Amino acid sequence: MSLINSFIKFDLNETTRKSIAEYLWIGGSGKDLRSKARTLPEPVTDPAKLPLWNFDGSSTDQAPGDDSEVILRPQAVFRDPFRGGSNILVMCDTYTPAGDPIPTNKRFNADKIFNHPDVAAEEPWFGIEQEYTLLQKDTRWPLGWPVGGFPGPQGPYYCGVGADKSFGRDIVDAHYKACLYAGINISGINGEVMPAQWEFQVGPATGISAGDQLWVARYILERITEIAGVVLSFDPKPIPGDWNGAGAHTNYSTKSMRNDGGINVIRKAIEKLGLRHKQHIAAYGEGNDRRLTGRHETADINSFSWGVANRGASIRVGRDTEKAGKGYFEDRRPASNMDPYVVTSMIAETTILWKP
Amino acid sequence: MSLLNDLVNLNLCDVTEKVIAEYIWIGGSGMDMRSKARTLPGPESNPSKLPKWNYDGSSTEQATGDNSEVIIYPQAIFRDPFRRGRNMLVMCDTYTPTGDPIPTNKRFIADKIFSHPDVVAEEPWYGIEQEYTLFQKDTKWPLGWPVGGFPAPQGPYYCGVGSDKAFGRDIVDAHYKACLFAGINISGINGEVMPGQWEFQVGPVTGISSGDQVWMARYILERITEIAGAVLSFDPKPVLGDWNGAGAHTNYSTKSMRNDGGIEVINEAIEKLSKRHKEHIAAYGKGNERRLTGLHETADINTFSWGVANRGASVRVGRDTEKEGKGYFEDRRPSSNMDPYVVTSMIAETTILWKP
């Protein structure tokens with residue numbers, strides 16, 4: 001294995017100016033990430049300077065066999081933590097050969113919203129808390145759980161330490177550094193309430209960049225679980241019963257909310273969100289009804305509520321924000337399998353553009 | 001796995017100024033340690049310059065769900081032996097949002113005692129001998145013991161060497177170096193009388209810092225046992241019968257005790273401790289009655305006694321100290337699961353501040 005690894009880690013800089021670019025895109029389910037690599041004649045860091053590419057959409061449920069080319073447009077570049085050197089990861093979105101976004105391309109619409117002058121002026125910041133569960137590869141049972149049984153009840157696992165409380169930390173720590181290396185603004189990690197469940201946070205990131213960074217962070221995580229021989233799940237309620245679900249709480253602020261008097265802007269924004277609760281919920285991730293039960297630190301899916309420091313509400317405002325009279329708030333409704341392009345742009349659209 | 005380790009060990013110093021800070025606190029039971037990490041813009045060596053943070057106290061039995069934020073204040077910084085580089089481990093204590101210490105925060109009271117001018121003037125030094133037992137993960141039986149049975153009786157294991165006598169040395173040695181790297185004043189290690197049981201010593205350390213360093217050493221140990229797949233126990237009597245318990249003997253001296261004529265000050269201090277035996281025992285760790293039986297190098301829990309070189313006494317004065325007429329003494333009563341903040345400050349309070 002060590003010989004293979006030494007090839008993987010080979011530093012080509014002394015031999016050639018060529019670099020490798022791994023093009024990433026979201027597949028037909030809206031949740032599956034795909035990628036393939038190509039050689040570039042020399043290092044590139046600007047996505048606008050990268051060539052368009054294409055892939056076989058009939059293999060990803062994104063095009064019919066007789067007209068199968070889907071075009072990849074590079075949108076964001078990150079350093080490749082697996083190949084090192086001047087090699088890159090490239091986040092792309094997907095188009096027909098005629099230049100139209102294909103139906104599963106949610107970034108296109110999000111980008112339009114973020115480019116609206118009213119939205120751009122408000123500099124919307126997002127901090128997304130991505131939860132996920134690690135599963136044993138062959139049994140699909142959570143990592144560290146006894147096969148055919150359950151660990152002791154929730155309590156000791158949140159931020160826990162020790163072989164009987166923390167399962168998979170090496171994956172989490174490898175991911176943290178890999179994302180920092182790649183240039184993703186990963187702001188922290190913690191062990192979650194359900195054993196084998198973890199969380200990382202990306203942000204603050206402005207506008208469309210939040211979605212780009214979160215999708216690439218998910219890609220890096222799945223590459224790392226692949227190395228570790230463990231399966232990654234973004235299911236919002238992986239185990240029914242007295243076990244927490246997995247969410248993607250989205251923290252949000254605009255320029256007005258961050259300035260003095262922002263707390264009033266925050267209240268108005270929360271009010272608008274309350275008026276569009278059903279529309280947001282419909283876009284906040286499949287299977288969320290199994291997770292948003294009103295128990296396990298969630299709010300019931302059918303009711304909208306908010307509160308300061310209240311983890312049982314749909315929206316939580318932190319004590320810091322309340323005290324300072326400005327800041328940000330946390331939308332706790334999105335599920336772990338949400339599409340960050342959809343969620344971030346919808347929050348911006350409802351709170352900045354929509355008139356009730 | 002080596003690819004995974006490469007990512008875990010990635011050196012980010014060339015790529016970014018950012019550092020990762022692992023914030024560590026004590027949870028609701030008073031013994032469970034919790035931690036989570038955040039990214040900071042650059043290195044910092046002064047804990048008062050690190051940002052305060054918060055966590056979900058409703059998941060650690062330290063707050064209710066509708067008012068769940070507990071604030072953590074950085075108190076001591078150590079180098080992170082797991083992430084290395086400029087990354088850090090931060091020992092914190094816990095407060096309500098209004099700035100009051102929560103009930104499980106024992107450091108706050110200890111810090112008040114150690115800040116008292118009479119105590120400060122005496123420069124109290126502590127050397128704590130932390131014993132602990134290693135367990136197999138799934139059977140909850142001591143490491144190296146045959147499942148369903150027992151090893152040969154105690155005798156060969158104390159400071160022993162060989163695969164039939166020393167179980168888990170790699171954990172102990174990894175911990176020793178990791179603590180030295182972190183900046184903890186770890187002064188030694190040894191294999192204990194019961195097989196699978198070990199000891200490390202932290203000290204001499206002055207005042208509140210002793211508690212900070214012992215807690216951080218415990219955290220590092222549990223991170224290492226997590227990596228090794230063994231379970232760490234601080235139970236004072238892990239196996240009933242003719243097997244030693246686990247203690248946290250606390251060696252103590254003040255400036256007056258270390259100076260000429262100190263032996264008189266030591267005698268007075270021991271006398272004061274004898275008058276508050278019940279109060280100290282109540283604070284010296286849960287389950288200590290299973291350990292302090294008068295057998296296995298302990299003094300019976302109900303009687304206070306002291307002697308030179310006497311391991312069957314509550315307090316032992318070393319022959320060196322007796323000979324030189326100055327030095328320190330050893331309180332052998334605390335159990336392995338004691339809280340060092342409580343024990344160190346109580347010894348200082350009784351011997352320096354309390355008037356009988």
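This is a predicted model: local features need pLDDT of at least 70, side-chain atom pairs count only at pLDDT 80 or more; totals for chains, interfaces and linings use all residues.
Figure 1. Residues are numbered from 1 along each chain as its sequence is written, and chains are lettered from A and ligands numbered from 1 in the order in which they are written.

**Figure 2. The fold of chain A.** Looking along chain A, you will find 10 helices and 13 strands; these are DSSP runs numbered from the N terminus, with helices being H or I of at least four residues and strands being E of at least two. Chain A has a radius of gyration of 21 Å, close to the 21 Å from the globule rule for 356 residues, so it is as compact as a globular protein of that length. Here the radius is taken over C-alpha atoms, and the rule is 2.2 Å times the number of residues to the power 0.38. Along the principal axes, the C-alpha atoms of chain A fill a box of roughly 60 × 55 × 40 Å.

Figure 3. Of the 356 residues in chain A, 57% are buried (buried is under 20% relative accessible area, exposed over 50%, partly exposed in between, with a 1.4 Å probe and protein chains only). Chain A exposes about 14,600 Å², with carbon and sulfur atoms supplying 52% of it; areas come from the Shrake-Rupley method with a 1.4 Å probe, and for residues only the protein chains shown count as cover. There are 40 positive and 43 negative side chains in chain A, and the centres of the two sets lie 4 Å apart. Lys and Arg count as positive and Asp and Glu as negative, leaving out His and the chain ends; each charge is placed at NZ of Lys, CZ of Arg, CG of Asp or CD of Glu.

**Figure 4. The annotated domain in chain A.** An unreviewed UniProt entry places "domain: GS catalytic" at residues 106–356 of chain A; such annotations may be inferred rather than shown by experiment, feature names are shortened, and positions follow the numbering used here. This span of chain A is 38% helix and 19% strand, and its end C-alpha atoms are 24 Å apart.

**Figure 5. Close-up of A:G203.** Find A:G203 in strand 8 of chain A, which covers residues 197–206. A:G203 counts as buried, with 7% relative accessibility. Beyond neighbours within four places in sequence, A:G203 contacts A:F126, A:G127, A:N185 and A:S187. From A:G203 to A:K165 is 38 residues in sequence and 28 Å in space, C-alpha to C-alpha.

**Figure 6. Close-up of B:P146.** Moving to chain B, look for B:P146 in the loop between strand 6 (125–136) and helix 4 (169–182). B:P146 is partly exposed, with a relative accessible area of 39%. Apart from neighbours within four places in sequence, B:P146 is in contact with B:W141 and B:P151. The C-alpha atoms of B:P146 and B:F329 are separated by 38 Å, and the two residues are 183 apart along the chain.

How values were computed: Side-chain values use heavy atoms; hydrogens and water are left out. Contact means heavy atoms within 4.5 Å.
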